[in-house]
Amino acid sequence: MRTTTYLSLLLLPALIVGCGNNRAAYKIPPVEPALVETPQNDRGMYLDLIKQMQAQNAYFASLAHIDAFRQRFGDLPELRILQADALRETGERSAAAQQYRTLTKGPQAAQAWHGLGLIAAASNDTAGAQLALQNAVQIDPLNVAYLGDLGFALLQSGDLDRARAPLAKAAELAPGNARAVSNLALWALLSGQSGMAEAMIQRANLPQATRQEILRLASTLRRPVATTSNTGNAPAALAAQQGPSAPSLQPLPPRSMLDRFTPTTAKPQETVQ
């Protein structure tokens, strides 16, 4: 009993002190946000969120989050390229171009030149589009989107010879990419090689809507030719494109692409007349 009483007497002042300082013990002074170091993973997660928004075409929402990101974490070149992309996609081409130009010398240079190329193409500036997209491809030669857009810009200007290489590169680098295969099939159509285009479309199992879009683009981009027939708009798919009246000696894609897509009746190294 004495031992118990003695221990109780020792603990009692401590409990009293604890109860008396209860507020002080649990009330922690707030820390200024500026003094708290932002974890790197939080910043990266927020950037990924903005990228996901843009991948889902929520560009206006991404612009709002870009402003919020900048207030919280500060400015970054990667953030500025996302902002430029969003401005371009929401119709603010002038502001987007200005932002892109500030990034053509840094780590986002390829993306910046690509954006400038897309703006130039949308403004019907074919020379400016080709130059900017060539710069993007030179900096990042393995980017399938850059190669495809450069090839398409060359198709728009009617330069089929120069369009062949970037489009074939894109299709070989990403044989499962529907856009890359579609662009090369479009090149084949414009080159008068409807059999090759049909083989590409069938091998890639492109949906009917994509097929129709390829035909529409071919009809839009095809330059007038001195022929007496007009079968370019026929809905009977691709086999009825251009016959003997097609331009002579159009170049074929590289042999590996030719082997992959050309019908078995064609000879691998022939040019189509």
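Let's start with Asn57, which sits in the loop between α3 (40-55) and α4 (59-73); helices here are DSSP runs of H or I with at least four residues, numbered from the N terminus. Its phi is near 65 degrees, a positive value in a residue other than glycine. As a reminder, most residues other than glycine have a negative phi. Is Asn57 buried or exposed? At 60% relative accessibility, Asn57 counts as exposed, where exposed means over 50% relative accessible area, buried under 20% and partly exposed in between, with a 1.4 Å probe and protein chains only.

A word on what you're looking at: this is a predicted model, where local features need pLDDT of at least 70, side-chain atom pairs count only at pLDDT 80 or more, and totals for chains, interfaces and linings use all residues. Residues are numbered from 1 along each chain as its sequence is written, and side-chain values use heavy atoms, with hydrogens and water left out.

Now to Asn205, in the loop between α12 and α13. This residue is not a glycine, yet has a positive phi of about 55 degrees, and it comes just after α12. Asn205 is exposed, with a relative accessible area of 66%. In helix α12 itself (residues 194-204), the buried residues are Ser194, Met196, Ala197, Glu198, Ala199, Met200 and Ile201.

Stepping back, the protein chain has 14 helices and 0 strands, strands being DSSP runs of E with at least two residues. Of its 273 residues, 38% are buried.

The axes of α7 and α9 come within 11 Å and cross at roughly 30 degrees; axes are lines fitted to C-alpha atoms over the stretch in contact, and angles run from 0 to 180 degrees between N-to-C directions. The two helices are therefore roughly parallel to each other, a term for angles under 35 degrees.

Those helices bring us to the largest pocket. Which helices each supply at least two residues of its lining? They are α5 (77-89), α7 (109-122), α9 (144-156), α11 (178-190) and α13 (208-221). On a 1 Å grid over the protein atoms alone, a pocket is an open set of points where a 1.4 Å probe fits, with protein on both sides within 12 Å along at least five of seven lines, and lining residues have an atom within 4 Å of a point. About 400 Å³ of space lies in this pocket, counted as the space filled by probe spheres set on the points, which are joined across faces, edges and corners. Of the 20 lining residues, Leu118, Ala121, Asp149, Phe152 and Arg179 lie nearest the centre.

Definitions and conventions:
Parallel < 35°, antiparallel > 145°, perpendicular 65-115°, else oblique.
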